[in-house]
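Trainee: Could you show me how to read a structure like this one, feature by feature?

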Amino acid sequence: MGTDVKKTRFISIFLFSLTAALLLSACRGPEKAGNPPAGTASSPELQTPAASAPRAESQMPVLRITTERNAAVTSKEEYVSCKVSSENCGESMLFCDREAEIRVRGNSTAEAEKKPYRLRFSRKQSLLGINGNAECKNWCLMADYFDPSMMRTSTAFRLGNTLLEGKYYCSDYAYAEVYLNGEYQGVYLVCEQTQINPNRVAIFEKEDGDEGTEIGYLMIGQGGRTDEPNTMRTHASVSVTDLNGDSASCGSMIFSLSGGDYTAEQIRFIEDWCSAVYEAVYAAIYLDEYYTVGADCTLRRKTDFPENASKSEKQQATVGALVDLESAVRMYVLDEIVKNLDAGTFNMYVDLSPSGSGLLTFAAPWDFDFALGNTRYDTTYSPYGLYAANFSYSDGVRTNSWYVMLNSAGWFRERVRALWREKYPALLADAEEISRLSQAYEKEFARNYQKWDLLGKKLLFHQHDSVTSYTSQADAARFLSGWLKNRLEWLNAEWGESASVEKADFTSLDFAKNYEPAVLGTYHCCEGVKTESGYVFTVTDATDPYFSILYSRSEETLSADVYRFFEITCMAPPENSSASYTTEFFLAAGETGAPEAGKSVYASFPADGSWHTLVLDFSQLRFWSGTIHTIRVDFFSNCAEGDVYFIKSARLLQEAP
């Protein structure tokens, strides 16, 4: 009997040890390390699994999420308890059965078939080496459902980290294959939740029950939504003019406050403070009036300028005492590069605690599904032209009026050019990562699209019809890579070392030159791009295409009583839809501040591919008198979408040539 007991004990111990070893092996993953591509901005080393491992064919890390009782995850509000394990990654990134909660996240993306998720660990947890293994509770699993390349968000984060340099917060990221309750869910982009945290937006974090107003405020842009907790709305009301000469009433923006519950007094305070800052910046840039913002959120005259301070110096001192200008420059450049459809749904923060900077700061870039050419709108689909600095139309005007306002200042544009010239080589290197990662993760992306039959389909009305031509993730990645490289090249022509900027002589404009400030604007139903021979305008809507020459921007006041003739050199190619065109010129001078019906002249020319110089006599027009404001050029009275108009030069003349 003793021998049998010993045998039984031996067998029991052996089986227990074997089971424990198998369980430990399953949680730890493979031991052998290879050199697959880095998937995050901080590039942690990922380890290739041993040949015998169950996911040996994957280059990506794997996240396994098991909910309590295998409960489905369907709600945006209610979390489901779960356990999370990581596999197929470096030794320092491995963990097993960490307690957490999971729910659906997002807005339009939450309605998609492939759901995005929010993970909330019970204890602070590092995840896949992101942000230098920083430990936080909250993480996001982005499904990239509406982006067939699955690379727009990661590309924007990569560009953002290059531009923000760690001085301002931008999420890090890693790709992973995700399993939920044992079922493969596809490839996800794992990234950080935008929140007040020493490893994220490192500002003063209020404690529960703190009712003071001298705290940190993290404002998450909500577009037009007001259903988020702790919603705040700024209430400034001013008329802002963009680089194209278009004006709009601005200053009302909706945000939600991140970081717990806020009192009504705290919400009202930050609404009033942000509104006052907006009005102070507007007054400095547009009115040459200078203010500080008092503790009661009222404007107070600012007078402490050095003697003989210039207008530019006064503006920068005023705005710089309220806004972190370096963050605004860096975030503007990012949004201009990617032409983000949702540039107006942005994030910003301010730390008003005794240890805080007290400056309104732009950072924490987010939401890039419909950026980098993934839209049907001409202003965002094209890699050319300035978007984020103007009231550009794309499903309504969705650009950021802060960018529009700041770009009206020449010193801000100079800061943009300086940053661009410093960062351009690194931004080009960021663009190269698209192709590299697409090739390295080819099998993983293919598995994702075997799970989700989405390629070649237009999934939301925002998308361009070209997405229907993609048969693989590589197709979509090639388009993205080409678009970004073209975008960077175009911006470098505007901002780079070779871009010469001249002050415009509005009496003799050469549209091949790069003028400061811009002399053309108010584009309507067309897209304008500068070329070596002048500007080319392409009709995007045949209803009423036009642009304006913005004489109001001339430093010298120009009088219609002096300049009685107008000369313009233009051309239309024979490939256009008509053999000839008639152009209508609307004249705004004196009391006529903007184009009006009945105050125009006409001129015709053939579409033969040759330059034609048209001379118009305004000397007999009663409404051509006083200060010249603008001449609106309705270049084609009868045309088709895709027709092209070239303008080479325009001159104001005192006498007929």
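This is a predicted model: local features need pLDDT of at least 70, side-chain atom pairs count only at pLDDT 80 or more; totals for chains, interfaces and linings use all residues.

Mentor: Start with the chain as a whole.

Trainee: How many helices and strands are in the chain?

Mentor: The chain has 10 helices and 29 strands. Its C-alpha atoms fill a box of roughly 125 × 60 × 40 Å along the principal axes.

Trainee: What share of the residues in the chain is buried?

Mentor: A residue counts as buried when its relative accessible area is under 20%. By that cut-off, 55% of the 657 residues are buried.

Trainee: Now the helices. How do I check the length of one, say α5?

Mentor: Compare the expected span with the distance between the ends. Helix α5 covers residues 325-338, and its 14 residues should span 20 Å at 1.5 Å a residue; the end C-alpha atoms are 20 Å apart, so the two agree.

Trainee: Is α5 enclosed or open, and why?

Mentor: Of its 14 residues, 13 are buried, so α5 is largely enclosed by the rest of the structure.

Trainee: What caps the N-terminal end of α5?

Mentor: The cap is D324, with a side-chain oxygen 3.3 Å from the backbone nitrogen of E326. At the other end, α5 is followed by K339, which has a positive phi near 45°.

Trainee: What does the length check give for α3?

Mentor: Helix α3, residues 264-287, has 24 residues and should span 34 Å; its end C-alpha atoms are 33 Å apart, which agrees. This helix is mostly covered, with 17 of its 24 residues buried. Just after α3 comes D288, with a positive phi of about 60°.

Trainee: And how far does α2 reach from its first C-alpha to its last?

Mentor: It reaches 18 Å with 13 residues, close to the 18 Å expected at 1.5 Å a residue. Helix α2 is also mostly covered, with 12 of its 13 residues buried. Among the buried residues are R152, R158, F157 and L163.

Trainee: What do the buried residues of α2 pack against?

Mentor: They pack against strands β6 (173-180) and β7 (183-192), and against α5, α8 (410-440) and α10. After α2 comes E165, whose phi is positive, near 60°.

Trainee: How do I describe the way α2 and α10 cross?

Mentor: Give the distance, the angle and the hand, then the residues that touch. The axes of α2 (residues 152-164) and α10 (residues 473-495) come within 11 Å and cross at roughly 30°. The crossing is right-handed. On the α2 side the contact is made by R152, T155 and L159, and on the α10 side by F479, L480 and L484. By class, that contact has 4 nonpolar residues, 1 polar and 1 charged.

Trainee: Why do D97 and D367 count as partly exposed?

Mentor: Partly exposed lies between the buried limit of 20% and the exposed limit of 50%. D97 counts as such because its relative accessibility is 45%, and D367 because its value is 33%.

Trainee: Is M571 buried or exposed?

Mentor: M571 is buried, because its relative accessible area is 11%. It is found in strand β24 (residues 565-571). Leaving aside neighbours within four places in sequence, its contacts include F605, W611, V644 and Y645. M571 and F121 are 450 residues apart in sequence and 64 Å apart in space, C-alpha to C-alpha.

Trainee: And D208, buried or exposed?

Mentor: D208 is exposed, with a relative accessible area of 78%. It lies in the loop between β7 and β8 (216-221).

Key:
Residues are numbered from 1 along each chain as its sequence is written. Side-chain values use heavy atoms; hydrogens and water are left out. Buried means under 20% relative accessible area, exposed over 50%, partly exposed in between (1.4 Å probe, protein chains only). Axes are lines fitted to C-alpha atoms, for helices over the stretch in contact, and angles run from 0 to 180 degrees between N-to-C directions. Helices (H or I, at least four residues) and strands (E, at least two) are DSSP runs, numbered from the N terminus. A crossing is left-handed if the near helix is turned anticlockwise from the far one by less than a right angle, and right-handed if clockwise. Contact means heavy atoms within 4.5 Å. Ala, Val, Leu, Ile, Met, Phe, Trp, Tyr, Cys and Pro count as nonpolar, Asp, Glu, Lys and Arg as charged, and the others, Gly among them, as polar. The expected span of a helix is 1.5 Å times one less than its number of residues. A polar contact is a pair of N or O atoms within 3.5 Å; within protein, one must be able to donate a hydrogen and the other to accept it, and residues adjacent in sequence count only if both atoms are side-chain atoms.
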